[in-house]
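I set out here what I looked up in this structure, entry by entry.

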Amino acid sequence: MVNSVQYDVIIIGAGAAGLMCAAIAGQRGRSVLVLDHANKAGKKILMSGGGRCNFTNYYVEPDRYLCRNPHFSKSALSRYTQWDFIGLVEKHGIPYHEKQLGELFCDNKSSDILDMLLNECEQGGVTVQLSTSVESIVDNTEKDDAATSWQYQLMTTQEGLRCQYECESLVIATGGLSIPTLGATGFGYQIAEQFNLKTYATRAGLVPFTITNQLKSVCTELSGSSCDVTMECNNQSFRGNMLFTHRGLSGPVVLQISSYWQAGDTVRVNLLPDIDLAQVLRETQHERPKLSLKKFIAQWLTQKMSEQLVEFFLSALFKQGIPQTLAELNAEQMDLIAAQFNAWQLTPSGTEGYRTAEVTLGGIDTDEVSSKTMMAKNQQGLYFIGEVLDVTGHLGGFNFQWAWASGWAAAQYV
Ligand SMILES: Cc1cc2nc3c(=O)[nH]c(=O)nc-3n(C[C@H](O)[C@H](O)[C@H](O)COP(=O)(O)OP(=O)(O)OC[C@H]3O[C@@H](n4cnc5c(N)ncnc54)[C@H](O)[C@@H]3O)c2cc1C
């Protein structure tokens, strides 16, 4: 018979949510073990925010999250707020700054946040065990001959060594599927399935678009150039930087809208969000009829962008030859040109997928979980926190805030 090591709480996943939950539960006096198959804790924290971790946002609101149940995140987010996390960051003397739109970043490195969490875990007497695979999870209460009163039994391997653990509370904090090279797996969804919890189909979110049609060569030519645009899709609209890449389109505004985009959808892009091009065209035609059409449009774009985009749009509109001056345009043509720039209808071929996505949309149905405790409603002692749940934030520190808040909420009850 294999000997078991017992803990009050076992948390699978030493990422943002798992470490937060572990620290708080440990500081409540619970014995806590965190298991992770990766060789390092918090790999996504280290990679986040371009190495400076956008750890929260001044303006956290439930409407910054996508979830089938828009009310689910409210409870945890209101009990552990951005101000609580900022307080923790300040307690540890970590310098930070607001970049834009309330986004808070470390002045130095993301490792400041990871070190802070590991330090908090240490204060709570938490054991973090890495390079460990969980092979099986058994609910002892379902066994007729259970020789123990601990609810969950886990069989693990670490560098070939098998070990059995038992715990009263089991927390699944294994995150989503994005960036497998950082340790992402679908483990949390498998556990949900094992315990008959419903999950929603997953897809990549906060992810660049790929373009394979005739626009591809424009994207390649403009690769590295960016412009301020608004993007709309499925009744959502964002404004920010759009970046052309060798594969298609990226940048903050593209990542944001990608979470609302489904395969085949068209995205509406306003390349000149502060200009009503139809009106300005009419006025300028009246005042300066001899002005060159290309020069007129180029005044708002960089030279490289106007060379590529103006040519691309105008040659598509005017198959018989592009008009030289504004005087040559009739009212209908002016509206068509304006629509190209103010309401460009773009159909991405796809997204770059989990390989580069910052988050995973979908996941465990939040109706299966208590919004107060994060415990599964029909499975005593089994908790789900962080991105594994069907809660996905906008870009800007909202995903970490969900990890902190849901981890903290579960830590009060495990
Ligand atoms: C490149 C990048 C940059 C990002 N930048 C930001 C940012 O600046 N701000 C922001 O708010 N959000 C950012 N995010 C999103 C954010 O990182 C996640 O939403 C957040 O980390 C989710 O926390 P989590 O604890 O649920 O999952 P994770 O932090 O992903 O942690 C999950 C842990 O579970 C472990 N695990 C997985 N499967 C198993 C298994 N089978 N067995 C054992 N362990 C397992 C993993 O190794 C990992 O350590 C970024 C994401 C990426 C990919």
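The entries below begin with conventions and then turn to the elements.

**Conventions.** I worked from a predicted model, in which local features need pLDDT of at least 70 and side-chain atom pairs count only at pLDDT 80 or more, while totals for chains, interfaces and linings use all residues. Residues are numbered from 1 along each chain as its sequence is written, and side-chain values use heavy atoms, with hydrogens and water left out. I took helices (H or I, at least four residues) and strands (E, at least two) as DSSP runs numbered from the N terminus. I counted two strands as paired if DSSP finds at least two bridges between them.

I traced an open sheet of seven strands in the order 17-16-13-14-15-12-18, with antiparallel pairing. Strand 17 (344-346) and strand 18 (350-351) are its edge strands, each pairing on one side only. I followed strand 18 to strand 12 (residues 209-210) and found two bridges in the antiparallel sense. Phe 209 is opposite Thr 351 of strand 18 there.

**Helix 12.** I then asked which strands helix 12 lies across.

I checked the length of helix 12: its twelve residues should span 16 Å at 1.5 Å a residue, and the end C-alpha atoms are 16 Å apart, which agrees. The expected span is 1.5 Å times one less than the number of residues.

I listed Met 334, Ile 337, Ala 338, Phe 341 and Asn 342 as buried in helix 12. Buried means under 20% relative accessible area, exposed over 50%, and partly exposed in between (1.4 Å probe, protein chains only). These residues are on the same side of helix 12, because they cover an arc of only 120 degrees around the axis; the arc is that of the directions from the helix axis to the C-beta atoms. The buried residues of helix 12 pack against strand 16, strand 17, helix 9 (277-287), helix 10 (293-298) and helix 11 (303-317).

Strand 3 and strand 6 (residues 103-106) are joined by three bridges, and Thr 56 faces Leu 104 of strand 6.

**Salt bridges.** I counted 13 salt bridges, each a side-chain nitrogen of Lys or Arg within 4 Å of a carboxyl oxygen of Asp or Glu.

I noted Glu 168 with Arg 30, their closest N and O atoms 3.3 Å apart. Glu 168 belongs to strand 10 (residues 161-172) and Arg 30 to the loop between helix 1 (16-27) and strand 2 (32-35), 138 residues apart. Glu 168 counts as partly exposed at 40% relative accessibility, whereas Arg 30 is buried at 18%.

I also noted Lys 91 with Glu 120 (3.2 Å, N to O). This pair links helix 4 (residues 82-91) to helix 5 (residues 111-123). Lys 91 is exposed at 57%, and Glu 120 is buried at 4%.

Notes
Contact = heavy atoms within 4.5 Å. Axes fitted to C-alpha atoms, helices over the stretch in contact; angles between N-to-C directions.
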